[in-house]
Amino acid sequence: MAFLRLGSKPEAFHREGQSWICTSGLPSDVSVNIGEMSFHLHKFPLLSRSGLLEKLIEGNSSGDGSSFSLSLDDIPGGAKAFELIAKFCYGVKIEFTAQNVVSVRCTAEYLRMTEDYGNGNLILQTESFLNEVLSNWADSIRALEACEEVMPHAEELHVVSRCIDSLAIKACADPSLFSWPLPGRDTKQSPESTGLWNGISPATKTQPTGEDWWYEDVSFLSLPLYKRLILAIESRGMRPESIAASVVHYARRYLPLMNRQSSFDDANPGTNISNPSEADQRALLEEIVELLPNKKGVTSSKFLIRILRTAMVLHASPSCRENLEKRVGAQLDQASLVDLLIPNMGYSETLYDIDCVQRILDHFMLLEQAAAIATPPCIMEEGQLRNGSDSLTPMTMVASLIDGFLAEVALDVNLKLPKFEALAATIPDYARPLDDGLYHAIDVYLKAHPWIVDLEREQLCRLMNCQKLSLEASTHAAQNERLPLRVIVQVLFFEQLRLRTSISGWFFVSDNLENSQNTSQGLLKKDGSHQIDSAQPDATGGEDDVKHRVSELEKDCLSMKEGLQKLVKSKRSWRNFTRRFGFNRKSHSCCPKGSKPSNPRAPPSTVNRQQNCENIDVVPGTLKVN
């Protein structure tokens, strides 16, 4: 730490209660009163160094040599700074440091201690030492903190701006290049480390530092000074990621309410800071939100959602909360489900704030739609498309996140159906490769709300696409008694189409194998050559593979038919349901050979449905497609 020693005389002042008395042997002829403190001094040492004191002493002297008093209650720095001024006027030894040089500089300016009142006067001395202080990072921090006591005068003398500019330059540079003291490091060297090793002093070796080396020091500044410093650092080209990290560090220190809501792994439990009031925290939070860079992704979604929760608790301004919601919505694909479960701070009946999540999702969709319009369709190479097919798009990631959120909030019995439907319908159908997550959320909602009527159940199930259910989800849905019967029939119908397509594909492959084998055998015999025996095991292996696959499909079909029969037995209105939707109880394809359909006068639409949805007759060991 830098320091400056002036004067050569020994201590000539002693304190008695609220009075400082000069022990020079001469009676005091002037008293300077500053607040409750009094200084009993002599006129000549004071007026020879200060223009203001010279004017005041000449105006109050009576000419008879009697003592008088001066009042300097508005002097910057108060009695503590004037003590150093008085000692300087008497030539007593004093020491200036980064903590007191700012107040002394302002006091010297106030008292007009210029070179007109003696060479090497205090203004020149303090100004020269202040330049030395600003060359060091730690001393610049201390000097800037000391400006709080004399802020108007320090602003007038541009001391605050000089400190901020000095810190901004150093924060944007590499501290190891200039041997600046690093925060949290002890600059004292042990006796063992002061020696030379091969002619090199170990004390001169720099230690590696990261980009966050200045976060801790600047976090001790007051909010107005910290804000000015961050703006100065940003104007000098600091990376937005580093600025955001510094603001996050500052918020964790001064927003204890946010820390109680979250479990930051890198929090600083050792810092002892008194908890400010809610009004102070609210004002601080709104300022911090304005300091965060607007660039997407530089601030983590976890922190943005945490500070959004805190803004709700502290009842921050609507504009502040809207700003945070838009920031979260812009990078919703980077959020996690745990962070998105925002407790409801209002008077709503639901446990979680569904409306807030809806607003965040709406903003995300607006940005995605604007990006889709602004981005022209591009033609990609086949290799690029293949390599990028595994990566999930932001829309797909948000769809999965919202489906998980719906499954969590669906357990709330107070969650109304319109809110659930509105949140689920905001995600477009193309964003979900599979509707398993949405089906799970719907199933949880139906289980937690058993009192909803059948019409509402059908309306809720229209949100999902039965064709986009996986095999496991389709199997579960076919046996789910909470689903409407119409949905179950749709699931079975699409599974039947999928099974028929799969079987047709396997038979097509099998026919191609047999045709190619017969063609090759005919060509070999026609040329008079012998058939290669090694091709027989391959053909046999292919036939076995097809037979094995067909056997598995037979089992799946049997299980589907058994499930359908159970549904028929459990639903007494099956006959009315099938007539209502135009299905016969037994399709034409399932009738024995030579028999007629059960309803020969079925309308053409019903016949078309029967032809398109032909059934599969399964006989042990065989599988027939009609």
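Predicted model: local features only at pLDDT ≥ 70, side-chain atom pairs only at ≥ 80, totals over all residues.

User: What does the protein chain come to overall?

Analyst: The protein chain has 626 residues, and 40% of them count as buried. Its secondary structure comes to 27 helices and nine strands. Among contacts with a separation of 6 or more, 71% join residues 24 or more positions apart.

User: Why is the pair of Y226 and Y250 called stacked?

Analyst: A search of the whole structure finds seven aromatic pairs. In this one, the ring centres of Y226 and Y250 are 4.0 Å apart and the planes meet at 10°. Rings pair if their centres lie within 6.5 Å, and planes under 30 degrees apart count as stacked. Both values pass, so Y226 and Y250 are a stacked pair.

User: Where do Y226 and Y250 lie in the chain?

Analyst: Y226 is in helix α10 (residues 223-235) and Y250 is in helix α11 (residues 240-254). The two are 24 residues apart, and the pair links distant parts of the chain.

User: Why is the pair of Y250 and Y254 called tilted?

Analyst: The centres of the Y250 and Y254 rings are 4.7 Å apart, with the planes at 45°. Stacked needs under 30 degrees and edge-to-face needs over 60. The angle of 45° falls in the rest, so this pair is tilted. Y250 and Y254 both lie in helix α11, four residues apart, about one turn of the helix. Together, Y226, Y250 and Y254 form one aromatic cluster.

User: How do you know whether Y226 and Y250 are buried or exposed?

Analyst: Buried means under 20% relative accessible area. Y226 has 0%, so Y226 is buried. Y250 has 2%, so Y250 is buried as well. Y254 is also buried.

User: What makes R253 count as sitting over the ring of F220?

Analyst: The charged end of R253 is 4.3 Å from the centre of the F220 ring. The distance cut-off is 6 Å, and the charge must also be within 35 degrees of the ring normal. The distance passes, and R253 is listed as sitting over the ring.

User: Why is Q281 called buried, and what does Q281 touch?

Analyst: Q281 has 4% relative accessibility, which is under 20%, so Q281 counts as buried. Its place is in helix α13 (residues 278-291). Leaving out residues up to four places away in sequence, Q281 touches Y254, L255, P256, L257, P276 and L314. Y254 is also a member of the aromatic cluster.

User: Why does C356 count as buried?

Analyst: C356 has 0% relative accessibility, against a cut-off of under 20%, so C356 counts as buried. C356 is found in helix α17 (residues 354-374). Beyond residues up to four places away, C356 touches L308, M312, E325 and I342.

User: What makes β3 and β4 partners of β5?

Analyst: Two strands pair if there are at least two bridges between them. Strand β3 (residues 19-22) and β5 have three bridges, in the parallel sense. I21 stands opposite H40 in β5. Strand β4 (residues 30-34) and β5 have five bridges, in the antiparallel sense. There V30 stands opposite L41. β4 and β5 form a hairpin with two residues between them, and G35 in the turn has a positive phi of about 65°.

User: How do you know that β5 and α4 are mostly covered?

Analyst: In strand β5 (residues 37-41), four of the five residues are buried. In helix α4 (residues 101-110), eight of the ten are buried, including V101 and C106. Cover for the buried residues of α4 includes α3 (78-90), β7 (94-97) and α5 (122-133). R112, which follows α4, has a positive phi near 55°.

Methods:
Residues numbered from 1 in each chain as written. Heavy atoms only, no water. Buried < 20%, exposed > 50% of the residue type's maximum accessible area, 1.4 Å probe, protein only. Contact = heavy atoms within 4.5 Å. Phe/Tyr/Trp six-rings, centres within 6.5 Å; stacked < 30°, edge-to-face > 60°.
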